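Let's walk through this structure together, one piece at a time. Keep the sequence and the 3D view at hand as you read.

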Amino acid sequence: PGMARQGSGAMLASGGLGFPPQNLARVVVWEWLNEHGRWRPYSAAVCHHIENVLKEDARGSVVLGQVDVQLAPYVIDLQSMHQFRQDTGTMRPVRRNFYDPSSAPGKGIVWEWENDNNSWTPYDMDICITIQNAYEKQHPWLDLSSLGFCYLIYFSSMSQMNRQTQRKRRLRRRMDLAYPLTMGSIPKSQSWPVGSSTGTPCSCPQCLLVNSTRAASNAILASQRRKLYPGAVRQSSTFAGGTLWPAGTGTPAVVAGAAVKGEGLRVAGAGFAPGQGVPSAALPGLNNLNRPGTQRGAGLGARATVPPGVPALPVKNLNGTGPVHPALAGMTGILMCAAGLPVCLTRAPKPILHPPPVSKSDIKPVPGVNGICRKTKKKQLKKSKTPEDVVRRYIQKVKNPPDEDCTICMERLVTSSGYEGVLSPRGIKPELVGKLGKCGHMYHLLCLLAMYNNGNKDGSLQCPTCKAIYGEKTGTQPPGKMEFHLIPHSLPGYTDSKTIRIVYDIPTGIQGPEHPNPGKKFTARGFPRHCYLPDNEKGRKVLKLLIVAWDRRLIFTIGTSNTTGESDTVVWNEIHHKTEFGSNLTGHGYPDPNYLDNVLAELLAQGVSEATLKD
């Protein structure tokens, strides 16, 4: 249902993560979580190796270097479901995921993009499956924006184009070993160890990064505590005294620079498995997130007081801005453990997500802004102009087009559109070329018509090259409520101003015809979501424009979460918000002197400008 019909390109949100009936075989793909919140697949050969070890010992460890020499430093601990890099101490969650045997991993098909080192990087598995589905259905192109990436895939030229920068990269499809098959019931999720928190966790990127890694760390700590300290906890009273670990409990020995399997200190650090990168522009705004809660030693076990004289390695975050680089801290910790010396890591500070409690009498309307709440109801599809009328409205016909590519179908403008025979609208011949009025970019009329038909069909058109908007762009945000008011607290960096608090609330519901999977239920995780702006002239301007964007359904959309991988869920739609009130540990807080200008630019890219307020 999320696919366009054959030959018309595809703009979809299919994640390929559906589980077949329990009596059928399914493909197993092991994946690890990188620092951008994306689950990256191990190769088929590595997955076969992990499955073989799993059959023998479900609580053992898997040495990845036995099957892939590039992964020599890595070991997977099956009990805690984490990958451990022995030379740096880095830990990353892993999961055992399941896919349909008829999908790409079941056939041994791998889709890859060419990175800056002229080597090839495989796509995330859900994207690989989506690309293969479109390829099998002979779509000429595929839009990956619904999966959280601003890329277009063109099968005729086997290229990937960044929709924002227009940069193109080569892609390829190759045959490899098929991933392993398994039978029987699907086990419960083995990705994040479950913490003790109650209630539905927030799935917005900043909350998930903090809470999930914290829950994982706590679970591993508890696991290690049980292993290391079956009885009473023994600790040294001085640095030069005995070790923190009782004899024979598996303190790791360092041999030839690698930690032999044991249960010593595990330190979270930076870096990821070689050759498994992420497209540089794939996740704008997530690339530089500090991730508190991940730098916890798992080998100390008990939460008892650290003895006097024990050196602390203060690792603040993952991008090297702490006093000690994470990799150095990891190696130092491993070496000190091996020598029988106690060591601890200081915890990263916790983010301040919310302001102090505010009484109702202290909440005031925002000066210069009408009202305190906006509601949107079910979208009413306009039945006014036909798609042909909309396209004709914004273009001028070109009699003698230049000999260059139409960037929609990738055919030359002097030849017929790639949609010839697929679309047959009255009065639009496949060789007709039009120039958009404001920006002057040229396309086949048939291609513009196909693009419009695959979009929101709201009477507006957006140039795929420069993103210039013709008409009033609207989005696919589901029904909900936006509240806004003043609270008597100040944001870091704006001590002289009060704070504008925005509260978004969207309930779960059923997808409409404008959504990826009409008729299917969508989830809404982490609502209500609280966001903050300074109460100054520019902050109030941003609020007014956000209200316009809300009314046009541009703040949220339905797609696949970059963080959790869940499809058919409410996600942010390229307009960044600050959800951290009193700190900036996740990258979504204050102080951030460039934020207001950046969000004004993002609103402008959606067609929401200051001129809108004057209308």
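R40 is buried, with a relative accessible area of 1%; here buried means under 20% relative accessible area, exposed means over 50%, and partly exposed is in between (1.4 Å probe, protein chains only). R40 forms a salt bridge with D124, and their closest N and O atoms are 2.5 Å apart. The term salt bridge stands for a side-chain nitrogen of Lys or Arg within 4 Å of a carboxyl oxygen of Asp or Glu. D124 counts as buried too, at 6% relative accessibility.

Before going further, a word on the source: this is a predicted model, in which local features need pLDDT of at least 70 and side-chain atom pairs count only at pLDDT 80 or more, while totals for chains, interfaces and linings use all residues. Residues are numbered from 1 along each chain as its sequence is written, and side-chain values use heavy atoms, with hydrogens and water left out.

How confident is the predictor? The pLDDT, its confidence in each residue from 0 to 100, has a mean of 74 over the protein chain, and 68% of the residues reach 70 or more. Over residues 1–8 the pLDDT is below 50, and beyond near neighbours in sequence this stretch has 37 contacts in the model, a contact being heavy atoms within 4.5 Å.

Back to charged pairs, of which the structure holds 25 as salt bridges. Side chains of opposite charge can pair when their charged atoms come close. R172 forms a salt bridge with E112, with the closest N and O atoms 2.6 Å apart. R172 is in strand β13 (residues 168–175) and E112 in strand β8, so this pair ties together parts that are 60 residues apart in sequence. Helices (H or I, at least four residues) and strands (E, at least two) are DSSP runs, numbered from the N terminus. E112 is buried at 4% relative accessibility, whereas R172 is partly exposed at 31%.

Now turn to the nonpolar parts. In soluble globular proteins, nonpolar side chains tend to be buried together. A nonpolar core is a set of buried Ala, Val, Leu, Ile, Met, Phe, Trp, Tyr and Cys residues joined through side-chain atoms within 4.5 Å. The largest one here has 42 residues, and W30, Y42, I50, L64 and Y123 have the most contacts inside it. Among the elements that give it two or more residues are β2 (26–33), α1 (44–56) and α3 (125–136). Another core, of 40 residues, lies apart from it and includes V369, Y494, V548 and L600.

In the loop between α1 and β4 lies R59, which is exposed, with a relative accessible area of 57%. Leaving aside its neighbours within four places in sequence, R59 is in contact with D77, L78 and Q79.

Finally, how many disulfides are there? A search of the whole structure finds 0, a disulfide being a pair of cysteine sulfur atoms within 2.5 Å. For C406, the nearest cysteine sulfur is that of C447, 3.7 Å away. C406 is buried, with a relative accessible area of 0%.

Terms used:
pLDDT is the predictor's confidence in each residue, from 0 to 100.
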